[in-house]
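Me: I am new to this structure. Please take me through it in short steps.

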Amino acid sequence: MKYLLILLLVLVVIWAVKRGRAPKSPPTPSKPEASTPSEMVTCAQCGLHLPQDEAVSGQKGLYCSTDHRAAAHDRNPV
Ligand SMILES: [Zn+2]
């Protein structure tokens, strides 16, 4: 009977420890990053970061302007 009480005490202690370690609040949700309007791309000529919808596309990559596309000796793929 004595061992049974000790076993019960150990189980209560384990339960208390697990309960104490349990997070009191739900895990924080990830930060909303959907605020960015469009994906950022890098100019293949000067390395400037700009939104993808403002980038000028070439056969070798994306550029910040038609001048840089021409400077890279690239042309419009269309
Ligand atoms: Zn550029």
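Reply: From the N terminus on, the elements run α-β-β-β-β-α. Helices (H or I, at least four residues) and strands (E, at least two) are DSSP runs, numbered from the N terminus. This is a predicted model: local features need pLDDT of at least 70, side-chain atom pairs count only at pLDDT 80 or more, and totals for chains, interfaces and linings use all residues. Residues are numbered from 1 along each chain as its sequence is written.

Me: How many helices and strands are there in the protein?

Reply: The order α-β-β-β-β-α shows both kinds of element. The count is 2 helices and 4 strands.

Me: What share of the residues in the protein is buried?

Reply: A residue is buried if 20 or more other C-beta atoms lie within 10 Å of its own, exposed if 12 or fewer, and partly exposed in between; C-beta atoms are placed from the backbone. The protein has 78 residues, and the buried share is 9%.

Me: Is Glu 39 buried or exposed?

Reply: Glu 39 sits in the loop between H1 and strand S1 (40-42). Inside 10 Å it has 9 C-beta neighbours, so Glu 39 counts as exposed.

Me: Is His 73 buried or exposed?

Reply: His 73 is placed in the segment after helix H2 (66-71). Its phi is near 55°, a positive value in a residue other than glycine. Within 10 Å there are 8 other C-beta atoms, so His 73 is exposed.
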